Amino acid sequence: MSGHSNWPEWIYVGVVIVLLAYVGAEAWNVERLVDRAPAEAEVIKVIGQQWFWTFEHADGTKEVGELHIKKGHAYKFEITTKDVNHAFNIHDYVVLQDAVAGRINEVWFAPDKAGEFPIQCREYCGLLHYNMRGTLIVEE
Amino acid sequence: MDKTIALMAVLTILVVLPTIQLVFAAGTDAHEYVNRKVEIWNLFFKMMTIAFTVGAVVSGTLIWLVWRFRESNPNAKPTKYEGTDW
Ligand SMILES: [Cu+2]
């Protein structure tokens with residue numbers, strides 16, 4: 001290099017490498033936190049079908065269109081479908097997972113607020129998709 | 001050599017220290033479940049901050065470059081190659 005310095009380029013390269021490493025580590029960590037269900041999480045089976053949701057608690061009780069759970073407990077949803085693909089979504093708790101035929105997909109969360117929250121199908125699944133709703137009822 | 005040391009120091013501060021912090025944070029189990037909304041939004045916020053900052057620096061550099069080295073710039077000096085056959 002004839003008489004000109006290229007240290008700004010090296011600083012730029014270093015900063016980009018550091019930022020990418022940071023972004024990667026941060027995303028990996030958040031994914032780990034969000035994906036890994038705690039061992040004590042209670043399993044709730046979620047079955048989607050045109051055009052409603054069925055929930056089965058660990059003790060075998062079933063609910064249709066409504067899901068009653070307790071505040072401060074962890075729950076793991078095992079989500080599947082009886083017909084076409086759906087997607088299980090509790091918007092207020094940022095829970096979203098596809099319901100895919102022949103598969104059981106998992107997602108977990110722990111509600112920290114009591115109240116009623118809408119559940120909605122998020123994968124277009126036919127004529128009444130828009131009305132494939134449910135209610136999450138979080139009790140104290 | 002000095003530059004390498006400086007780069008390594010920066011890397012250490014930005015990568016190793018947060019990792020240590022993370023490990024210690026994992027030890028203090030206050031038994032609070034993660035809040036998906038908070039975690040996901042924070043990640044999104046950090047990434048957007050980085051993306052927009054890097055985007056602003058890169059596009060700013062390009063805009064400055066095009067402006068500074070335009071032909072009509074009074075400060076523009078012909079390079080030593082101009083008007084020659086190389
Ligand atoms: Cu559906």
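**Interface of chain B and chain A**

Across the interface of chain B and chain A, 6 residue pairs are found in polar contact, both residues at pLDDT 80 or more; a polar contact is a pair of N or O atoms within 3.5 Å, where within protein one must be able to donate a hydrogen and the other to accept it, and residues adjacent in sequence count only if both atoms are side-chain atoms. On the side of chain B that touches chain A, the elements that give two or more residues are α1 (2-27) and α2 (36-68) of chain B. Of these, α2(B) gives the most, with 10 residues. Helices here are DSSP runs (H or I, at least four residues) and strands likewise (E, at least two), numbered from the N terminus. By type, the residues of this side of chain B divide into 14 nonpolar, 2 polar and 5 charged. Ala, Val, Leu, Ile, Met, Phe, Trp, Tyr, Cys and Pro count as nonpolar, Asp, Glu, Lys and Arg as charged, and the others, Gly among them, as polar.

This is a predicted model, in which local features need pLDDT of at least 70 and side-chain atom pairs count only at pLDDT 80 or more, while totals for chains, interfaces and linings use all residues. Residues are numbered from 1 along each chain as its sequence is written, chains are lettered from A and ligands numbered from 1 in the order in which they are written, and side-chain values use heavy atoms, with hydrogens and water left out.

In total, 21 residues of chain B are in contact (heavy atoms within 4.5 Å) with 28 residues of chain A. The area buried between the two chains is about 2,200 Å², and carbon and sulfur atoms give 74% of that area. Buried area is the accessible area (1.4 Å probe) that two parts lose on being put together, summed over both.

The interface has 1 salt bridge, that is, a side-chain nitrogen of Lys or Arg within 4 Å of a carboxyl oxygen of Asp or Glu. It joins K46(B) to E26(A), with the closest N and O atoms 2.6 Å apart.

R68(B) is also found in helix α2 of chain B. R68(B) counts as partly exposed because its relative accessible area is 25%, the class between buried (under 20%) and exposed (over 50%), with a 1.4 Å probe and protein chains only. Leaving out residues up to four places away in sequence, R68(B) touches N73(B), N75(B) and A76(B).
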